[in-house]
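Here is a short tour of one model, written for someone who likes to know the cut-offs behind each term. Please keep the structure open as you read.

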Amino acid sequence: MRYGDISPAAFRLYNQIKKRSKRRPYVRSWYFKKEKVFLELFWKHLTDKKNFKDKTRRVKYFACAIELIEKSHFAPISKKNPNNFSETLHRFYGVTADNELFCVQIKEDIKGGKIKSQKFLMSTFPTKGLSKDEE
C-alpha cells in the first residue's frame, strides 16, 4: 500500500469536514460531551514527516480515527504530557474493519480560569510495534 493510494481518500474526508465550518475543521466527540476535537494539527504533523512509510502508516487510519472520536463511549487512557504539564494526552484504541488494532492520540491543552480547554487530534497509528512505554 502506497501513500499516494491512501492519502487522496483521507484528504477528501478531511475536506468534507472542513467545509462544515467557516473556521478550523473539527469533529465532535461523544466521550468529551460533544466538545470539539480540532483536526488541523494532525495534517501539520503529517506534512512535517519525511518518511513516506510512516506517513502511510498514519494516514491509513484517518477515517477510522474520525469515527472513533465521534462515537467512542469508552474512556481513553489519559496522562499528563511529561514535556508540558499544561497538556493531557488521551489515547483511544479501536479496531478497523480488517481487525487491525490502532490508536488515536488526542492532545488537550488545559487552560486556567474560565477559558475552556481545547482538544487536537495528534496522531493515528497501529498498535503493533509499540514499546511498553508507548502502550
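Lysine 33 counts as exposed because its relative accessibility is 75%; here exposed means over 50% relative accessible area, buried under 20%, and partly exposed in between, with a 1.4 Å probe and protein chains only. This lysine 33 sits in the loop between β1 (26-29) and β2 (35-38). Helices (H or I, at least four residues) and strands (E, at least two) are DSSP runs, numbered from the N terminus. Although lysine 33 is not a glycine, its phi is positive, about 60 degrees. Most residues other than glycine have a negative phi.

Asparagine 99 also has a positive phi of about 60 degrees and is not a glycine. Its loop runs between β4 (84-95) and β5, and asparagine 99 is exposed, with a relative accessible area of 66%.

## About the model

This is a predicted model, in which local features need pLDDT of at least 70 and side-chain atom pairs count only at pLDDT 80 or more, while totals for chains, interfaces and linings use all residues. Residues are numbered from 1 along each chain as its sequence is written, and side-chain values use heavy atoms, leaving out hydrogens and water.

Which residues of helix α2 (residues 40-48) are buried? They are Leu41, Phe42, Trp43 and Leu46. Their cover includes α1 (3-19), α3 (52-59), α4 (62-71), β5 (101-109) and β6 (118-126).

The largest nonpolar core has 23 residues, of which Leu39, Trp43, Phe62, Val104 and Leu121 touch the most other members. Such a core is a set of buried Ala, Val, Leu, Ile, Met, Phe, Trp, Tyr and Cys residues joined through side-chain atoms within 4.5 Å. The largest share of this core, five residues, comes from α4. Leaving aside neighbours within four places in sequence, phenylalanine 62 is in contact (heavy atoms within 4.5 Å) with Ala10, Leu13, Tyr14, Leu39, Phe42, Trp43, Leu121 and Thr124.

## Where α1 meets α3

Tyr3, Ile6, Ser7 and Ala10 in α1 meet Phe52, Lys55, Thr56 and Val59 in α3.

## Around histidine 73

Histidine 73 lies in the loop between α4 and β3 (77-81). Not counting residues up to four places away in sequence, histidine 73 touches Trp30 and Tyr31. The C-alpha atoms of histidine 73 and lysine 119 are separated by 17 Å, and these two residues are 46 residues apart along the chain.
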